[in-house]
Amino acid sequence: MNFLAHSYLTFSDEQIVGQFLQDFIRNDERFSFPAKIQQGITLHREIDTFTDSHPAIFEAKKLFSPLVRLYSGAFVDVSFDYFLANSLPEPQLFEHSQKVYAALKNHQDILPVNLILMLKKMQKDNWLYNYREDWGIQFSIQNVLNKAKYLRKDLPVFEIFLNNKPELKKNFDVFFPVLLEQVTKINSGF
């Protein structure tokens with residue numbers, strides 16, 4: 001799952017921070033944060049593990065893998081943020097995006113510099129809210145391509161997304177309720 005899903009699958013502001021930190025810290029650094037932020041880091045890891053083993057994700061990856069091979073999971077994650085964004089009422093999505101930006105800004109003192117820099121761009125262009133738009137997902141897909149070490153930057157990944165929206169949506173609809181249930185169970189163990 002990508003930024004929207006990871007932030008949505010939280011139960012506190014501290015967990016939001018942990019969910020974001022996971023992608024910006026080394027493994028041994030996770031224990032240096034307060035317990036509630038560590039919960040977010042743990043949730044992120046558990047979500048990724050659960051996601052990687054789910055049959056609906058495997059099916060969705062097949063749509064991207066002929067073009068991007070091992071990067072197919074990253075593009076499924078981005079695609080699923082689009083469907084999550086569009087499953088929420090617009091005011092709720094906007095409110096959630098503002099909550100995430102505020103939670104991260106309120107913890108800037110512990111965020112790595114590269115996360116702070118990304119947050120500024122994310123908030124300025126309201127990435128989380130704009131995932132509901134095709135152009136928002138196109139932007140996100142291009143960001144993944146730009147960061148991918150072994151992929152050409154001009155691959156038509158966005159076209160694959162557009163051409164397979166119905167199939168991707170079916171996979172999302174199968175997967176996301178089960179993921180939400182799993183995350184709720186994990187959180188109850190904290």
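Q: What makes Tyr8, Phe50, Phe80, Tyr82, Phe83, Phe158, Phe161, Phe172, Phe175 and Phe176 one aromatic cluster?
A: In this predicted model, these residues form one aromatic cluster, where rings of Phe, Tyr and Trp (its six-membered ring) pair if their centres lie within 6.5 Å. By this rule the count comes to 15 aromatic pairs.

Q: Why is the aromatic pair of Phe83 and Phe172 called tilted?
A: The centres of Phe83 and Phe172 are 6.0 Å apart and the planes make an angle of 35°; planes under 30 degrees apart count as stacked, over 60 as edge-to-face and the rest as tilted, so the pair is tilted. Phe83 belongs to helix α5 (residues 72-87) and Phe172 to helix α11 (residues 165-188), so the pair ties together parts that are 89 residues apart in sequence. Helices here are DSSP runs of H or I with at least four residues, numbered from the N terminus.

Q: Why are Phe83 and Phe172 called buried?
A: Buried means under 20% relative accessible area, with exposed over 50% and partly exposed in between (1.4 Å probe, protein chains only). Phe83 has 6% and is therefore buried, and Phe172, with 5%, is likewise buried. Buried residues make up 48% of the 190 residues in the chain.

Q: How do you know which residues and atoms these values rest on?
A: Residues are numbered from 1 along each chain as its sequence is written. Local features need pLDDT of at least 70, side-chain atom pairs count only at pLDDT 80 or more, and totals for chains, interfaces and linings use all residues, while side-chain values use heavy atoms, leaving out hydrogens and water.

Key: Helix = DSSP H or I, 4+ residues; strand = E, 2+ residues; numbered from the N terminus.
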